[in-house]
Amino acid sequence: MAASDKGGLILLIEDQQDTAALVGEYLGQRGYGVDYAPDGVSGLRLAVNGNYDVIVLDIGLPDMDGLEVCRQLRQQHDRPVPILMVTGRDSVDAKVIGLDAGADDYLTKPFQMREMEARLRALIRRSRHKVSSHVYTVGDMVLDTGVMQLTRNGRRLMVSPIGLKLLTILMRESPRVVARRDIEREIWGDQLPDSDTLRSHLYNLRRVIDKPFDKPLLHTIHSAGYRLADLQMRRA
Ligand code: CA
């Protein structure tokens, strides 16, 4: 699966072989790794043991239907794998029941492949974002990137979205000095802003995270960059 799973690893649980083949082929061509299960029982077994980015789950399956697979998966699996429920019944009921059973999104048959892929991509992106969440601590400042919550000395601080990105980089690299260029590139990519932009964001950030407190954590290192560190504590 090395070359084929760059888009994500997908488990397709679908009893209709022609649909499964069609979906499998399309997603395979688009760079996804696809595993296939033709019924609920084997699908559930694969889902529990595998490490999938998303599960495409048909609601109408022999032996154990999609809703039951969904329910059991939510009970057995610690890591919440996103589930895209595929329903043949175009009724609000089936959708509501599917979402109630723990599905993250649903798709009604017949569907466009492109539509399915867009839904899958969104689910994968969302779950990867969650997986990459992290709690950084520097001195008495704590940033939880999962919920984007920042506190210092137990006090909740409000920072702009770019300020939070900036802080995430500096806290991740702390106590290392990060070059201005590296920060700019990580935040703005190739669309580098003028030289005052980063400085003004840093100014605003300082106002919130350092000004109200005794000890500054954000330090400018002349002609080298910036570092976030509790220097007094490090010296002690
Ligand atoms: Ca079916």
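In this tour, Ala, Val, Leu, Ile, Met, Phe, Trp, Tyr, Cys and Pro count as nonpolar, Asp, Glu, Lys and Arg as charged, and the others, Gly among them, as polar. The model is predicted: local features need pLDDT of at least 70 and side-chain atom pairs count only at pLDDT 80 or more, whereas totals for chains, interfaces and linings use all residues. Residues are numbered from 1 along each chain as its sequence is written, and side-chain values use heavy atoms, with hydrogens and water left out.

**The two domains**

Begin by colouring residues 9-128 as domain 1 and residues 135-235 as domain 2; these bounds come from an automatic or database domain assignment. The C-alpha centres of the two domains are 40 Å apart.

**The calcium ion**

Next, select the calcium ion together with Asp 15, Asp 58 and Gly 60. The protein donors are OD of Asp 15, OD of Asp 58 and O of Gly 60, at 2.1 to 2.4 Å from the ion. Donors are N, O and S atoms within 2.8 Å of the metal (3.2 Å for Na, K and Ca); water is not among the atoms, so sites may look incomplete. Along the sequence, the donor residues follow the spacing D-x42-D-x1-G.

Buried means under 20% relative accessible area, exposed over 50%, and partly exposed in between (1.4 Å probe, protein chains only). Asp 15, at 30%, is partly exposed, and Gly 60 is partly exposed at 38%.

**The cavity**

Now select Leu 12, Glu 14, Thr 19, Val 23, Val 56, Asp 58, Val 86, Phe 111 and Met 116, which line the largest cavity. A cavity is a set of points, on a 1 Å grid over the protein atoms alone, where a 1.4 Å probe fits but cannot get out; lining residues have an atom within 4 Å of a point. The search of the whole structure finds 1 cavity of 30 Å³ or more. The largest cavity holds about 40 Å³, a volume being the space filled by probe spheres set on the points, which are joined across faces, edges and corners. Its lining has 6 nonpolar, 1 polar and 2 charged residues. Helix 1 and strand 3 each supply at least two of the lining residues.

Go to the loop between strand 3 and helix 3 and select Asp 63. Its phi is positive, near 55°, in a residue other than glycine, and Asp 63 is exposed at 57%.

In the loop between strand 5 (105-108) and helix 5 (113-131), select Pro 110. The peptide bond joining Lys 109 and Pro 110 is cis, with omega about -5°.

A further stop is Pro 175, in the loop between helix 6 (161-173) and helix 7 (180-188). The bond from Ser 174 to Pro 175 is cis, with omega near 5°.

Finally, select residues 218-221 (strand 10) and 225-228 (strand 11), which run antiparallel and are joined by 4 bridges. Two strands pair if DSSP finds at least two bridges between them. His 219 has Arg 227 as its bridge partner, and Ile 221 stands opposite Gly 225. Of the 3 residues between the strands, Ser 223 takes a positive phi near 60°.

Definitions and conventions
1 Å grid on protein atoms, 1.4 Å probe; cavity = no way out; pocket = protein on both sides within 12 Å on 5 of 7 lines; lining within 4 Å.
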